[in-house]
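Please read them with the structure open.

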Amino acid sequence: MYNYKSNNYKSTKKNTLIAAGSLALLALSGCSFVEDRSQETVQIIDASNKNPIQTSTPEPIPTEVKPTLFYIVQAGDTLGSIARKVLGNSKRYIEIANLNNLGPYDPIRQGQKLKLPANSNYTASNNIDTANVQRPIVKTDQTYQALDNLLAAEQYNQAIQWLISRDDLSAKQELQSKLHQATRQQVSIYLQQNNPADAKTLLDGLIADQRINKEHKQSFQQIVNSLGAQEGLSVAKNLASRGEFDKAYSILQQAYQADAANLEKNVLFTSVRNQVSENYHQQALRLYRNQQLDEALSFWDKILVINPNDDLALVYKDRVMALQAKLKDL
């Protein structure tokens with residue numbers, strides 16, 4: 001007996017399998033199983049952010065603009081002596097000359113204002129013109145605002161009185177330092193006013209104050225010693241002006257041996273030294289021309305005692321010694 005249902009099911013199942021196989025073959029026929037895909041074109045997608053976050057450019061840090069400083073020429077100054085004062089080396093005079101459109105041998109006059117290099121180590125208390133320099137505003141503790149105002153206004157005497165009236169002066173290092181600063185500035189003012197007596201009175205009072213620390217007392221004592229030398233220099237100036245150069249030289253020699261470094265910055269000392277040195281140079285040259293070599297050499301040696309960098313004395317000393325050596329071999 002024919003089972004229609006059973007045969008129909010089998011026939012249907014077979015047809016289904018054939019159809020599925022055909023579809024699979026059709027699908028596979030469109031595929032390429034090529035291992036090397038290097039020739040395929042690949043779409044490049046820009047993954048970068050088309051709207052990047054805008055970052056702010058940091059503002060440049062302002063650089064400090066140093067004020068231009070000027071030196072006021074004093075009597076007896078030369079470009080070399082000014083370079084020694086403000087730059088520490090007389091050989092750097094050419095820098096000052098170039099800044100001021102001067103030739104190396106151009107004359108300078110008393111009262112003339114000379115522009116200085118930025119690395120000058122001079123301060124306003126040492127004859128530098130800083131009248132037009134804008135002072136920086138410094139944030140400070142409001143407790144000392146009155147003091148800072150006095151210092152900014154260069155009212156140093158009032159600042160000193162404010163400081164010594166403080167009960168906490170001995171305990172506050174900041175106040176000690178400000179007192180030291182104000183005192184040195186006020187002493188410079190007294191000396192510019194040709195008033196060393198008031199400067200000495202101020203310093204002696206502070207040295208006697210038990211609240212002042214040891215370091216600052218020593219500094220004040222050094223200034224007192226310099227003031228003593230200053231009085232001697234005034235005497236030397238009077239002696240030189242009267243032509244008593246040997247007496248003036250003795251004072252210069254003692255002062256220089258006691259405090260050479262500070263005296264190189266002292267206008268009175270350098271002025272009197274130039275007078276005495278010029279006189280000794282003239283005497284030495286006359287002796288040299290008369291072949292009195294030992295006597296000439298003694299004058300140049302004296303000059304070098306109070307000015308080891310005197311070029312003329314160094315040159316002629318070398319000449320004399322070389323000449324003496326030749327004469328000895330004859």
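1. Confidence. This is a predicted model. The mean pLDDT of the protein is 76, and 71% of the residues reach at least 70. Among the elements, helix 1 (residues 4-29) has the lowest mean, 45. Helix 11 (residues 293-306) has the highest, 95.

2. Residues 1-35 have pLDDT below 50. Beyond near neighbours in sequence, this stretch makes two contacts in the model. Residues 128-142 also stay under 50. Here the model has 17 contacts beyond four places in sequence. I would treat the two stretches as separate topics.

3. Overall make-up. The protein has 12 helices and three strands. Its length is 330 residues, of which 31% count as buried. Take the contacts with a separation of 6 or more: 52% of them join residues 24 or more positions apart.

4. The largest nonpolar core. Which residues touch the most other members of this core? They are Leu-233, Leu-252, Val-272, Val-276, Tyr-280 and Trp-300, out of 30 residues in the core. At least two residues of this core come from each of helix 8 (214-241), helix 9 (245-263), helix 10 (267-289), helix 11 and helix 12. Val-276 gives a local view: beyond four places in sequence, Val-276 touches Phe-245, Ala-248, Tyr-249 and Leu-252. Another core, of 24 residues, lies apart from the largest one. Its members include Ala-199, Leu-202, Ile-223 and Leu-227. As background, nonpolar side chains tend to be buried together in soluble globular proteins.

5. Leu-323, Leu-327 and Leu-330 form a nonpolar patch on the surface. Together they have about 330 Å² of accessible area. Leu-330 sits in the segment after helix 12 (311-329). Is Leu-330 buried or exposed? Leu-330 counts as exposed because its relative accessible area is 83%, over the 50% cut-off.

6. The structure holds 11 salt bridges. One of them pairs Arg-84 with Glu-264, with the closest N and O atoms 3.3 Å apart. The pair links distant parts of the chain, 180 residues apart. Arg-84 is in helix 2, and Glu-264 is in the loop between helix 9 and helix 10. Both partners are buried: Arg-84 has a relative accessible area of 19%, and Glu-264 has 13%. For Arg-84, the label holds because 19% is under the 20% limit.

7. Two further pairs. Asp-168 forms a salt bridge with Arg-166, with the closest N and O atoms 3.0 Å apart. Arg-166 counts as buried at 19% relative accessibility. Lys-317 pairs with Asp-301, and here the closest N and O atoms are 3.1 Å apart. Lys-317 is in helix 12 and Asp-301 in helix 11, so this bridge ties together parts 16 residues apart in sequence. Lys-317 is partly exposed at 25%, as is Asp-301 at 29%. Elsewhere, salt bridges with shared partners join Arg-84, Glu-264 and Arg-273 into one network.

8. Val-73. This residue lies in the loop between strand 1 (70-72) and helix 2 (79-87). Why does Val-73 count as buried? Because its relative accessible area is 2%, under the 20% cut-off. Beyond four places in sequence, the contacts of Val-73 include Ile-82, Ile-108, Gly-111 and Leu-114. Arg-109 is another contact of Val-73.

9. Positive phi. Which residues deserve a look at the backbone? Glu-154 is not a glycine, yet has a positive phi of about 60 degrees. Glu-154 lies in the loop between helix 4 (145-152) and helix 5 (156-164), and is partly exposed at 39% relative accessibility. Gln-291 also has a positive phi, near 60 degrees. Gln-291 lies in the loop between helix 10 and helix 11. Gln-291 is exposed, with a relative accessible area of 69%.

How values were computed. Residues are numbered from 1 along each chain as its sequence is written. This is a predicted model: local features need pLDDT of at least 70, side-chain atom pairs count only at pLDDT 80 or more; totals for chains, interfaces and linings use all residues. Side-chain values use heavy atoms; hydrogens and water are left out. Helices (H or I, at least four residues) and strands (E, at least two) are DSSP runs, numbered from the N terminus. Buried means under 20% relative accessible area, exposed over 50%, partly exposed in between (1.4 Å probe, protein chains only). Contact means heavy atoms within 4.5 Å. pLDDT is the predictor's confidence in each residue, from 0 to 100. Patches are made of residues with over 30% relative accessible area and no salt bridge: like charges are joined within 9 Å, nonpolar side chains (Val, Leu, Ile, Met, Phe, Trp, Tyr) within 5 Å. Accessible areas come from the Shrake-Rupley method with a 1.4 Å probe; for residues, only the protein chains shown count as cover. A salt bridge is a side-chain nitrogen of Lys or Arg within 4 Å of a carboxyl oxygen of Asp or Glu. A nonpolar core is a set of buried Ala, Val, Leu, Ile, Met, Phe, Trp, Tyr and Cys residues joined through side-chain atoms within 4.5 Å.
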